Structure formats: structure tokens, C-alpha cells
Number of protein chains: 2
Amino acid sequence: MTYCVGLKLNAGLVLLSDTRTNAGLDNIACYRKMFFFETPGERVIAIMTAGSLSVTQTTLARLDEANEDEMADETTSILKAPTMLQVASIIGDTLSRTRREIADQCRELRQQASASMIVAGQRRGGDMRMFLIYPEGNFIEATEDTPFLQIGEHKYGKPILDRVVTPATSLADAQKAVLLSMDSTLRSNLSVGMPLDLAIIEKDACKVGARRRILEGDPDFMQMSAEWSAALRDSFVKVTI
Amino acid sequence: MTYCVGLKLNAGLVLLSDTRTNAGLDNIACYRKMFFFETPGERVIAIMTAGSLSVTQTTLARLDEANEDEMADETTSILKAPTMLQVASIIGDTLSRTRREIADQCRELRQQASASMIVAGQRRGGDMRMFLIYPEGNFIEATEDTPFLQIGEHKYGKPILDRVVTPATSLADAQKAVLLSMDSTLRSNLSVGMPLDLAIIEKDACKVGARRRILEGDPDFMQMSAEWSAALRDSFVKVTI
């Protein structure tokens with residue numbers, strides 16, 4: 001399993017992903033699930049991945065290949081695509097093709113192979129946009145009403161986002177919100193695990209700003225988690241019924 | 001969908017269920033999901049249900065029939081069974097048989113029919129016990145380490161239980177905990193809906209104590225929900241990262 005969450009706010013994009021992958025409970029590994037494609041000042045594209053690692057790695061490798069291919073044009077390279085919509089469409093097509101091929105390979109063993117992605121970014125002169133790309137290649141976009149997208153184990157971490165995140169949320173509060181959302185998920189689902197990757201892309205910067213890997217036992221994260229637990233217990237005592 | 005939660009505490013049993021059933025999003029109805037079988041002072045058995053309504057209703061009807069059958073003995077009537085373990089076993093067998101029959105009927109249309117139950121109670125001279133009965137009829141039991149059981153949409157409401165419920169929790173705090181757990185679930189899953197059924201069975205009373213139906217717009221529930229929202233937002237502001 002996996003938990004990735006992205007916020008699209010007036011002030012910028014805030015992204016957080018875990019790094020745990022597992023093939024059964026007895027086969028756990030650590031893989032990065034957040035990737036950047038960047039021409040600083042010109043365009044920045046972040047991709048977060050969930051699902052079958054063979055599908056997501058192959059999809060990313062193909063996107064990379066297209067970027068390095070001198071023959072690639074704006075319909076195949078996400079670094080040349082003229083809009084974020086076109087970027088989402090290229091990623092969706094690549095994901096869907098890769099997923100189909102691998103699912104065909106797995107059919108004989110009755111194994112499934114699927115994956116989804118969050119794609120967020122901006123190109124100079126365009127708006128910031130954020131999409132959730134489904135395994136079939138179609139996608140939805142974050143809006144004013146629902147400025148966040150989640151993939152993987154989304155349920156445990158959704159209530160806090162529902163309560164505190166709006167497009168006007170500051171980047172500092174947004175960081176706190178995604179970390180608390182992750183904290184609830186880490187507590188309840190063993191297949192979501194540290195370390196975490198956190199990134200912030202400020203509006204119109206067209207490059208990755210703050211980027212941080214939060215390791216197991218990170219003192220700031222542990223303190224936040226403990227403070228939140230204590231605050232919840234205090235709140236519980238105060239609420240009346 | 002459904003959300004039912006039961007706590008087994010030193011002081012007694014606390015049970016909460018919603019009442020929404022749905023066959024597709026366009027076919028929503030209200031059905032009780034909490035049932036009691038009681039010989040006050042002698043034995044009390046509560047059953048909460050999740051899953052296919054045809055399976056749960058038929059299972060309960062069969063349990064009822066066995067209780068009214070003069071020929072029924074301690075191996076078939078949950079009002080005559082000598083232990084709560086035997087009660088769980090009778091309910092598991094009835095559920096599993098009913099589920100299999102209905103699943104066979106549904107096979108042609110490739111529809112699924114399944115259900116699970118929480119069974120909690122006590123007979124005079126025995127301990128309070130609480131079981132989660134799976135569709136196949138096997139079951140697990142609440143323990144000191146994990147004094148709560150959930151069926152249906154369990155994820156949204158689990159974090160608050162994890163944080164505040166222990167066997168030593170008072171019945172008043174336990175009521176608050178299950179109602180807040182339900183509040184988080186109601187906010188996030190449309191297929192869980194008001195009204196709610198709440199029941200408390202005090203230890204060694206061997207009868208249902210407080211029993212309350214909480215209707216849509218209940219002022220106490222609304223106030224608790226608003227206070228909790230406000231407290232969470234306050235806590236969010238205070239936590240540092």
C-alpha cells in the first residue's frame with residue numbers, strides 16, 4: 001500500500017508521500033514515490049505514484065526516455081508539452097499502456113497489476129494544476145471545492161484534510177495538515193511507512209522549492225505527532241455529550 | 001454500507017450502529033441494525049449487522065424461529081445456549097448457512113451476498129464477551145489489548161478509538177468515543193447515515209440498560225459534533241512543526 005497526498009492552494013503546491021512498498025506482509029521495501037521533472041523557472045512537474053511497482057517504475061522510465069529522445073515532440077515528452085493538461089494526458093496514456101501490458105503478462109498467474117498517480121505542476125505563463133490519474137489513463141483535477149487529492153490508503157488521513165484545508169490555507173499550515181494526515185495513516189496501516197518525502201512548489205516559481213526527506217525518528221515529526229495526540233485527548237475530555 | 005462499533009469495557013458494553021442501507025446510491029433506506037435477545041437478569045445478547053440485508057434479516061429470522069421453537073435445545077437456540085461462546089457459534093453457523101444459500105441464488109446474476117455481525121452479551125454467572133462474526137461463520141473476540149470491534153466502514157472512525165479507548169474507559173467516555181467515531185464516519189461516507197442506535201449494557205446487569213435512538217438533527221449530537229470540529233481546529237493551530 002501507499003499514501004500520497006497533494007494540496008493545490010492559492011500559495012502553491014504541497015506534496016507528501018510515504019516510501020513503503022510491499023509484496024505480501026513478509027516482503028517490505030523502501031522506494032521513493034515522488035518524482036520531479038523540471039526546467040527551473042520554465043516548468044516543474046511532480047509525480048507521486050501508488051500501486052504495482054513494476055507498473056509505476058516502467059511508466060516513469062518511459063516518460064524519462066521520451067524526455068531524452070531528441071525525436072520526441074510535444075505530444076510525447078512532458079518537458080515539451082504546451083500545457084499541464086497535455087502533460088496529464090501523456091502520463092495517463094503512458095500509464096494506461098504500461099498497465100495493460102503488465103496486466104496481460106500477469107494474467108496467467110491471476111495476479112493483478114494496477115497503479116494510479118498524482119501529477120502536479122506549472123509551466124511559465126500557465127496556472128498551477130493538479131491531477132489524479134487513474135489506471136485507465138483518465139483523470140480528475142483538484143478544484144477550489146476540493147483542493148486536495150489522495151492516492152493509496154486515503155481514508156484514515158482524510159478527516160483532518162476535510163476539516164482544515166481550503167485554497168486559502170498557508171503553505172506552513174498545509175505542511176502541518178499533510179503531515180498530520182500522514183501521521184493518522186501511519187498509525188493505522190502498517191503498509192504505509194517512513195521515511196516520508198515532502199515537497200513544496202510555490203506559485204509561479206516553476207521549480208521545486210523546499211524538499212525534505214523525513215526519516216524514522218525525526219524529532220520534529222515525533223514532537224508534532226505527540227502534541228497532536230495530546231491535543232486530541234484534551235479535546236476529547238472537553239467535548240460534552 | 002454500514003458502520004457499527006462495539007466496546008467491551010470493564011464497566012460494560014457500549015454499542016452504536018447507523019441505520020442506512022443502500023442498493024446502489026439511488027436506492028437508500030433506513031433499517032435497524034441493532035437487535036437484542038434478552039431474558040432480563042438471566043442473559044442479554046446484542047447483535048449488530050453489516051452487509052446484505054437479505055442475509056442479515058434471514059439470519060435474524062432464523063435465530064428468532066429457533067428461540068420460539070419448543071423443540072430447540074442449547075445447540076440451536078441462543079436463549080438456551082450455556083455460554084456466550086456457544087451463542088457466537090450458533091449465530092456463526094446460522095449466518096454462514098444463510099449466506100451460502102443466498103450467494104447460490106445470486107450466482108447466476110453474478111451478484112454477491114455477504115454479511116458480518118458483532119455479537120455482545122453476558123449470561124448470569126459468565127463473563128461479558130464480544131465477538132466479530134465473519135461471513136464464513138468463524139469469529140474473533142475483543143480483548144484487553146483491543147477492546148473494540150467494528151464492522152462496515154471502519155476506517156474513518158478508527159483513529160479516535162485507537163487513541164482514547166482502553167478497558168478502563170468509563171461508560172460515559174465510551175459513549176462519547178463511539179459517537180465521535182461515528183461522526184467522523186458520517187462526514188466521509190454517504191452510505192453511513194442517521195438515525196443512530198446507541199445501547200449500553202452494564203456489567204453483570206444481564207439486561208439492556210440505556211437505549212437511545214439519535215435522530216437527524218439531534219441537538220446534543222449536533223453540539224458534540226460542532227464542539228469536536230472546533231476543538232480539532234484549535235488543536236491544529238496549536239501543534240507545531
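1. Let's start with where the two chains meet in this predicted model. The contact takes 36 residues from chain B and 36 from chain A, where contact means heavy atoms within 4.5 Å. Putting the chains together buries about 3300 Å², and carbon and sulfur atoms give 62% of that. Buried area here is the accessible area (1.4 Å probe) that two parts lose on being put together, summed over both. On the chain B side, B:Arg163, B:Phe236 and B:Ile241 lose the most area to chain A, together 28% of what that side buries.

2. Some housekeeping before we go on. Residues are numbered from 1 along each chain as its sequence is written, and chains are lettered from A and ligands numbered from 1 in the order in which they are written. Because this is a predicted model, local features need pLDDT of at least 70 and side-chain atom pairs count only at pLDDT 80 or more, while totals for chains, interfaces and linings use all residues; side-chain values use heavy atoms, with hydrogens and water left out.

3. How many salt bridges cross the interface of chain B and chain A? The rule finds four, a salt bridge being a side-chain nitrogen of Lys or Arg within 4 Å of a carboxyl oxygen of Asp or Glu. One to look up is A:Asp183 with B:Arg163, whose closest N and O atoms are 4.0 Å apart. B:Arg163 is also among the residues of chain B that lose the most area to chain A.

4. On a 1 Å grid over the protein atoms alone, a cavity is a set of points where a 1.4 Å probe fits but cannot get out, while a pocket is an open set with protein on both sides within 12 Å along at least five of seven lines; lining residues have an atom within 4 Å of a point. Grid points are joined across faces, edges and corners, and a volume is the space filled by probe spheres set on the points.

5. Who lines the largest cavity? It has 15 lining residues, and A:Pro159, A:Ser184, A:Leu232, B:Pro159 and B:Leu232 lie nearest its centre. By class they are eleven nonpolar, two polar and two charged. Here Ala, Val, Leu, Ile, Met, Phe, Trp, Tyr, Cys and Pro count as nonpolar, Asp, Glu, Lys and Arg as charged, and the others, Gly among them, as polar.

6. Next, the open spaces. The largest pocket has about 600 Å³ and 29 lining residues, with B:Thr21, B:Asn22, B:Gly51, B:Ser52 and B:Leu53 nearest its centre. The second largest pocket has about 310 Å³; of its 18 lining residues, A:Thr21, A:Asn22, A:Gly51, A:Ser52 and A:Leu53 are the closest to its centre.

7. Two residues deserve a click. B:Lys33 sits in the loop between strand E4 (28–30) and strand E5 (34–39) of chain B; strands (E, at least two residues) and helices (H or I, at least four) are DSSP runs, numbered from the N terminus. B:Lys33 counts as buried because its relative accessibility is 3%, buried meaning under 20% relative accessible area, exposed over 50% and partly exposed in between (1.4 Å probe, protein chains only). A:Ile200, in strand E11 (residues 196–202) of chain A, is buried too, at 8%.
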